[in-house]
Amino acid sequence: MAAETSVPVDTSAAFVLGVTSLIDWAVIAPVALPILGGALLLMVRHRTRLHAAVAFAVLAATFAACLVLLWRVMGEGTQVMTMGRWLPPYGITFQADMLGAAFATTATFATTAAAVFALRDINATGRRYGFYPFLLLMIAGVNGAFLTGDIFNLYVWFEVFVISSFGLLILGSERRQIDGAVKYAVLNLIATTVFLITTGYLYGVFGTLNMADIARKADGLRESGPLMTIATLYLLAFGMKAAAFPLNFWLPASYHTPRIVTSAMFGGLLTKVGVYALLRTFTTLFPVERAVLSDVIAVVAVLTMVLGVLGALAQTDIRRTIGFVVISGIGTMLAGLAIGSPLALSGTVLYAIHSILIMTALYLLAGLMREAGGSFSLHELGGLYRSHPLLAAMMLALMLAAAGLPPLSGLWPKVMLVKAAIEGQAWWLTGAILLSSVLTTIVLGRVFALSFWRPQQALATPADTRPIDPIAGYGTVLVLLVPAVWIGLWPEPFLRIAETAAAGLADPGSYIGSVFSAQGGS
Amino acid sequence: METALTGLVGLFYAVSIYMMLSKHIIRVLLGIAIFGNAVNMTIFTAGRVLREVPPIIAEGRTALDGVTANPLPQALILTAIVISFSFFAFLLVLAYRAYQELGTDNTDEMRIAEPEGEGLPPLGY
């Protein structure tokens, strides 16, 4: 290979010649491990007994790799690895900065919890249809999107997790699922196609696809190239993926149809990848265009926040209620992007981490309420406070977290965003964030009052209920609540991560420098 | 050549957007297929269209002598074609299943997941 220095051509200008040490592979491990695991599970597709164990082992290893990566990023700064030993901008770069590493770690954590929940939620038929392989390939796509440093590669990872999510969405082939999947699939495909068009234009203007290289060249091309058009098209494509108003109607049409564990992972992870892509393109690549578009993003953020939560008020199915709460949270994150100060960006990053955990937990809790009360409908649930006090405690905690009340994780990111909005003189944005928090409290408070405090309803069919499993039921939601409580009570380490991530976003120089000074090797 | 292809790309976009605005899933799918091809043609045309000039730098030189077609966009399209083909295959099956299960391909009538007239949640107890 390139390491052969005896060949007459001097390759040191194009290749990394040193040996990659074992720990450097941590950059790629959060993507490579689940892909290998997914491939392995496809090979043993018919031996469904093995699936859960293999998937859990792979996810645990992936989570460990994410932690190693996060620890390395905290200690040494952004980690870079370029495929095929090329020196950037040639070859596809994987680049784990604080933002990507923190998101990948949180996402893998939430997926691992969901995989345990699936032990009870997915039966042998679901496993035979490939639940666990799809799960692993989806987390591979999500982690790949978080860690890649190449914009076309980002498109590829989007497609990887989108096609896996199709598989998860229609698992079971119920009529509702097929109805929801048609809308989800068509609109997501259009969004990724718009992403592809834009990336084509971007390559035409920049002649490179490496994100650090794009960020480096953007200043010189701002006069001559149509960067504003490209940035606006990215806002369209990623806004659609993130379920920002008015492009969010695929989410409430589909997220309540699959198995509850699938809803949990979709609600927790997939929209956040859209938010991540918006953060990456609008701060690292196009900061000037972000400033121009900030009013547009702010209006979109306010509408997403308020209309999302108003939609939640009108729902009777708790899964659909949570779907609208997810949308409202996306609006809160976009508010931080609209303000754009380091404080606002770190608020957005922390909110996204909080949202991955809490939205996954909320959907899983809805599944537990279905097991305990026999229904998802607010008309039929009731009396759970007396029969399932632990469930009531978890619902109360999640309600406080989602609404942004102390002592849980929603408080600090909202405090940061409100402070940033006041500092940025955006009073109406401040008002919208607070209003949506109040309305979220009402929405989830009503779910709590109706399904827990209200006496048991005659409509509920006890035949549908079953005892909640202590580990695969209560355990998974409690595990997701641990970091949520931790962020609420002792936010220091998480704040430091969010601030470092936001500082990296606000200063593209560090992102560029990490690729071009380290010269690719590690 | 590029000018003619540009016009064709524009035509593709117009047709695909018109088709995707339809209520009928089958037309939407045809629109999506054309949309994917329009994107591929866009990137292909943007990478220059020339015949049989290999993008190889001659010995002793550091840059290409003349213009050649850029091979990278073509590699991008190859990836995109594979992806959009697999998506389209999935969508066709999904649409067929939807037609079988729901008995319609009119999106206005596909209200199983979001039933009409669901009513408000209980206002008190």
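**Ground rules.** I call a residue buried if 20 or more other C-beta atoms lie within 10 Å of its own, exposed if 12 or fewer, and partly exposed in between, with C-beta atoms placed from the backbone. The model is a predicted one, so I keep local features only at pLDDT of at least 70 and side-chain atom pairs only at pLDDT 80 or more, while totals for chains, interfaces and linings use all residues. Residues count from 1 along each chain as its sequence is written, and chains are lettered from A and ligands numbered from 1 in the order in which they are written. My helices (H or I, at least four residues) and strands (E, at least two) are DSSP runs, numbered from the N terminus.

**Entry: two strands in chain A.** I started with β1(A), residues 79-82. Gln79(A) and Met81(A) point one way, Val80(A) and Thr82(A) the other, and all are buried. Which strand is β1(A) joined to? I found 4 bridges to β2(A), residues 93-96, and the two run antiparallel. (Strands pair if DSSP finds at least two bridges between them.) Val80(A) stands opposite Gln95(A), and Met81(A) stands opposite Phe94(A). On β2(A), Thr93(A) and Gln95(A) face one way and Phe94(A) and Ala96(A) the other, again all buried.

**Entry: helix α6(A).** I checked its length first. The expected span is 1.5 Å times one less than the number of residues. For the 19 residues of α6(A) that gives 27 Å, and the end C-alpha atoms are 27 Å apart, so the two agree. Is α6(A) mostly covered or mostly open? Mostly covered: 17 of its 19 residues are buried.

Entry: Contact here means C-beta atoms, placed from the backbone, within 7 Å. I count 31 residues from chain A and 34 residues from chain B in it. On the chain A side, the elements giving two or more residues are α6 (151-169), α7 (175-206) and α10 (250-254). The largest share, 16 residues, comes from α7(A). I also sorted that side by type: 17 nonpolar, 9 polar and 5 charged. Ala, Val, Leu, Ile, Met, Phe, Trp, Tyr, Cys and Pro go under nonpolar, Asp, Glu, Lys and Arg under charged, and the others, Gly among them, under polar.

**Entry: chain B.** It has 3 helices and 0 strands. Why do I call chain B spread out? Its radius of gyration is 23 Å, well over the 14 Å that the globule rule gives for 125 residues, so chain B is more spread out than a compact globule. (The radius is taken over C-alpha atoms; the rule is 2.2 Å times the number of residues to the power 0.38.) Along the principal axes, its C-alpha atoms fill a box of roughly 85 × 35 × 25 Å. Buried residues make up 24% of the chain.

**Entry: the core.** A nonpolar core is a set of buried Ala, Val, Leu, Ile, Met, Phe, Trp, Tyr and Cys residues joined through C-beta atoms within 7 Å. The largest one has 230 residues, and Leu365(A) and Leu398(A) have the most contacts inside it. Helix α14 (residues 342-373) of chain A gives the most, 21 residues. Leaving out residues up to four places away in sequence, Leu398(A) touches Ile358(A), Ala361(A), Leu362(A) and Leu365(A).

**Last entry: Leu400(A).** I found Leu400(A) in α16 (residues 389-403) of chain A. It counts as buried because it has 22 C-beta neighbours inside 10 Å. With residues up to four places away left out, Leu400(A) touches Leu405(A) and Leu408(A).

Notes
Two residues are in contact if their C-beta atoms, placed from the backbone, lie within 7 Å.
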